[in-house]
Amino acid sequence: MSFYESVRKQMVEEQIIARGIKDKNVIDAMLKVARHKFVPKEYEKYAYTDGPLPIGEGQTISQPYIVALMTEMLELKGEEKVLEIGTGSGYQAAILSLIAKEVYTIEIIPALAKSAQQRLESLGYKNVYVKSGDGFLGWPESAPFDGIIITCAAPRVPEPLIEQLAEGGRLVMPEGDEWQMLVLYKKVNGQLKKTEFIPVRFVPMKGKIQEK
Ligand code: SAH
């Protein structure tokens, strides 16, 4: 086993399984994706530590546990179409791609969208589609989505995403301003039903959501 494989295994045991993540697909994906390939070279050796890391442009790759928890909250079985808002490094999208059928991911900073797209392609993740733009608007051409994951903080669910969530679908997001609550919305009979999880801190969603 290589050095990074062994620290990755340790990360999964100590940060993911020990904290209660049970979904086998999520655990397997966290064991497989080479997180050190998603951070800048100077942070490579910290890739499996228990926290977020800078990825350039003032943005961060989320803590491994939070990635695992949000993925588990989506309850994916393998046939789903998932939309992610906030591609960042592409790490969360890579995890999702191993569990869902197709992953659509939107990043508002063009340079990050471009580097994530190239990274995902060179690492062989074929069922991920990256687009640069404001995720507030979603991806109507490919809707409806069985799962939607927002990886930047917003005070409310962007209205177009409510439309683009399939009946029975799940949406997870950090909801709030400076500090947020990680929440799960489930669409039942066209209405969103909310469950609160844990307090979290994400970078804010930019673009249209901030217009009053
Ligand atoms: N999921 C990422 C981490 C995301 S950090 C990963 O696995 O690495 C949050 C990202 O959301 C940042 O890259 C930020 O630029 C992006 N973002 C902020 N507002 C956005 C918006 N309106 N639409 C799409 N992306 C947005």
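Trainee: What does Asp50 count as at 38% relative accessibility?

Mentor: Start with the classes. Buried means under 20% relative accessible area, exposed means over 50%, and partly exposed lies in between (1.4 Å probe, protein chains only). At 38%, Asp50 counts as partly exposed. Keep the source in mind: this is a predicted model, where local features need pLDDT of at least 70, side-chain atom pairs count only at pLDDT 80 or more, and totals for chains, interfaces and linings use all residues. Residues are numbered from 1 along each chain as its sequence is written, and side-chain values use heavy atoms, leaving out hydrogens and water.

Trainee: Which side chain meets that of Asp50 in a salt bridge?

Mentor: The general idea comes first. Side chains of opposite charge can pair when their charged atoms come close. The cut-off for a salt bridge is a side-chain nitrogen of Lys or Arg within 4 Å of a carboxyl oxygen of Asp or Glu. Here the partner of Asp50 is Arg19, at 2.5 Å from N to O. Arg19 lies in the loop between H1 and helix H2 (24–32), and Asp50 in the loop between H2 and strand E1 (53–56), so the pair ties together parts 31 residues apart in sequence. Arg19 is partly exposed too, at 37%.

Trainee: How many salt bridges does the structure hold?

Mentor: Eight. One of them joins Glu13 to Lys9 at 3.4 Å, N to O. To place that pair, note that helices (H or I, at least four residues) and strands (E, at least two) are DSSP runs, numbered from the N terminus. Both residues sit in helix H1 (residues 3–17), four residues apart, about one turn of the helix. Glu13 is partly exposed at 41%. Lys9 is partly exposed at 38%. Glu159 and Arg156 also meet in a salt bridge, at 2.8 Å, N to O. Glu159 has 39% relative accessibility, and Arg156 has 32%.

Trainee: On to the sheet. What is the order of the strands?

Mentor: Strands of a sheet pair through backbone hydrogen bonds, either parallel or antiparallel. The test for a pair is at least two DSSP bridges between the two strands. This sheet is open, has seven strands, and runs E5-E4-E3-E6-E7-E8-E9 with mixed pairing. E5 and strand E9 (191–200) are the edges, each pairing on one side only. The twist averages 15° from one strand to the next.

Trainee: How many residues of E4 are buried?

Mentor: Five of the six in strand E4 (residues 102–107). E4 pairs in parallel with strand E3 (residues 81–85) over five bridges. Val82 stands opposite Val103 in E4. Between E3 and E4 the chain passes through helix H4 (residues 91–97), a right-handed β-α-β crossover. Right-handed means that, with the strands pointing away from the viewer, the path from the first strand over the helix to the second runs clockwise.

Trainee: Which strand do five bridges join to E4, besides E3?

Mentor: Strand E5 (residues 128–132), also in parallel. Tyr104 stands opposite Tyr129 in E5. The chain goes from E4 to E5 by way of helix H5 (residues 110–122), again in a right-handed crossover.

Trainee: Which strands does H5 touch?

Mentor: Contact means heavy atoms within 4.5 Å. H5 packs on the sheet and touches E4 and E5. Axes are lines fitted to C-alpha atoms, for helices over the stretch in contact, and angles run from 0 to 180 degrees between N-to-C directions. The direction of H5 makes about 160° with that of E5.

Trainee: What is the bridge partner of Val82 in E6?

Mentor: Gly147. E3 pairs in parallel with strand E6 (residues 145–150) over four bridges.
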